[in-house]
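Open the model in your viewer and keep the sequence panel beside it. The tour below tells you what to select at each stop.

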Amino acid sequence: MNENEHTFKIVFLGDAAVGKTSLITQYTTKTFHREYLQTIGCQLNVAEIEVSDITIRLIMWDLAGQPRFDAVRKLYFLGSDAAVVVFSVTDLESFVNVDGWLQAFQRVVPSTDQVPLILVSNKIDLDSQRAVKRGEEVQKYANQIFHQLIETSAKTGENVPELFSIVTRLLIQYRMAELQERLSPFFFSSFAS
Ligand SMILES: Nc1nc2c(ncn2[C@@H]2O[C@H](COP(=O)(O)OP(=O)(O)OP(=O)(O)O)[C@@H](O)[C@H]2O)c(=O)[nH]1
Ligand SMILES: [Mg+2]
């Protein structure tokens, strides 16, 4: 294996229709589709990020949120390097369910010190339909368990590149300590924290 190439497995989880697929599509193709096409089982996507002379390859496992996939989903958790849990600000239940998603994940991948966990508050463009208020409650909850909280819109693209930058930065921080020294200080200062 080329020591300048590093591959990580990132799982995307959360209730059905919160926007997991849309976030990945927005990031990889800069497009947004209004119609809901539920993911069946799991869909794989790849993104390559160049950092200095190093290639970080993110294999994104976009997991179906529909309950009928509950039985197979945990098989997909195996070997994850990071988890991105998504809820929609228009769907209070999807926020309440974040804890259940995390527990299901941690039953399969227990050593979470080494596995960055990112919480995504999606659909912020739908401000008039907000059911999860912006502010302290979500941040406080996130601070307890997650390494980072970020608000996004897969529709407008707001904060979508930042989400993937954060995932990459956390992976480097938690999984590639020896590599950090080789990366320019600029790389770290260029990320929003
Ligand atoms: N307005 C708005 N709509 C969004 C946003 N993200 C996703 N949607 C819409 O929400 C619906 C569901 O999006 P998906 O990305 O398919 O949701 P998912 O989480 O992948 O759903 P499953 O695959 O069933 O788990 C679609 O109609 C999208 O167009 C967003 O940020 N803003
Ligand atoms: Mg999907």
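**Stop 1: the whole chain**

Bear in mind that this is a predicted model. Show the protein chain as a cartoon and colour it by secondary structure. The order is β-α-β-β-α-β-α-α-β-α-β-α-α-α. The protein chain has 193 residues, and 34% of them count as buried.

**Stop 2: ligand 1**

Select ligand 1 and the residues around it. How many residues surround ligand 1? There are 23, and the closest are Gly19, Thr21, Ser22, Thr39 and Gly65. Colour this shell by class. Ten of its residues are polar, seven are nonpolar and six are charged. Which element gives the largest share of the shell? Helix 1 does, with three residues.

Stay here and pick Gly19. Gly19 sits in the loop between strand 1 and helix 1. Is Gly19 buried or exposed? Gly19 counts as buried, because 28 C-beta neighbours lie inside 10 Å and the cut-off is 20 or more. Show its contacts beyond four places in sequence. Gly19 meets Val86, Ser88, Asn122, Lys123 and Ala154. Then draw a C-alpha to C-alpha distance from Gly19 to Gly65. These two are 46 residues apart in sequence and 10.0 Å apart in space.

**Stop 3: the nonpolar core**

Hide the ligand and turn to the interior. In soluble globular proteins, nonpolar side chains tend to be buried together. The largest nonpolar core here has 38 residues. Select Ile10, Phe12, Val84, Val85, Ile118 and Val167, the residues with the most contacts inside this core. Then colour the elements that give two or more residues to the core: strand 1 (5-13), helix 1, strand 3 (54-63), strand 4 (82-88), helix 4 (98-108), strand 5 (117-122) and helix 6. Helix 6 gives the largest share, seven residues.

Zoom in on Val85. Set aside its neighbours within four places in sequence. What does Val85 contact? The list is Leu13, Gly14, Val98, Trp101, Leu102, Leu117, Leu119 and Val120.

Now select Leu63, which is in strand 3. Leu63 counts as buried, with 25 C-beta neighbours inside 10 Å. Beyond four places in sequence, Leu63 touches Val11, Phe12, Leu13, Cys42, Arg73 and Tyr76. Leu63 and Lys20 are 43 residues apart in sequence, yet their C-alpha atoms are 8.1 Å apart.

**Stop 4: helix 1 against helix 6**

Two packed helices are described by the angle between their axes and the distance between the axes. In this pair the angle is about 95 degrees, and the axes are 9 Å apart. The two helices are therefore roughly perpendicular to each other. Leu23, Gln26 and Tyr27 come from helix 1, and Val160, Pro161, Leu163 and Phe164 come from helix 6. This contact has six nonpolar residues, one polar residue and no charged residues.

**Stop 5: a loop residue, Phe146**

Phe146 lies in the loop between helix 5 (136-145) and strand 6. Phe146 is buried, with 20 other C-beta atoms within 10 Å. Leaving out neighbours within four places in sequence, Phe146 contacts Leu117, Ile118 and Leu119. Phe146 and Leu102 are 44 residues apart in sequence, with C-alpha atoms 9.7 Å apart.

**Stop 6**

Finish with the backbone. Most residues other than glycine have a negative phi. Select Lys30 and then Asn159.

- Lys30 has a positive phi, near 55 degrees. Lys30 lies in the loop between helix 1 (20-29) and strand 2 (42-51).
- Asn159 also has a positive phi, near 65 degrees. Asn159 lies in the loop between strand 6 (148-151) and helix 6 (160-175).

Which of these is buried and which is exposed? Lys30 is exposed, with 10 other C-beta atoms within 10 Å. Asn159 counts as buried, with 21 C-beta neighbours inside 10 Å.

How values were computed. Residues numbered from 1 in each chain as written. Chains lettered and ligands numbered in written order. Predicted model: local features only at pLDDT ≥ 70, side-chain atom pairs only at ≥ 80, totals over all residues. Helix = DSSP H or I, 4+ residues; strand = E, 2+ residues; numbered from the N terminus. Buried ≥ 20, exposed ≤ 12 C-beta atoms within 10 Å, placed from the backbone. Near = placed C-beta within 6 Å. Nonpolar A, V, L, I, M, F, W, Y, C, P; charged D, E, K, R; others polar. Core = buried A, V, L, I, M, F, W, Y, C linked by C-beta atoms within 7 Å. Contact = placed C-beta atoms within 7 Å. Axes fitted to C-alpha atoms, helices over the stretch in contact; angles between N-to-C directions. Parallel < 35°, antiparallel > 145°, perpendicular 65-115°, else oblique.
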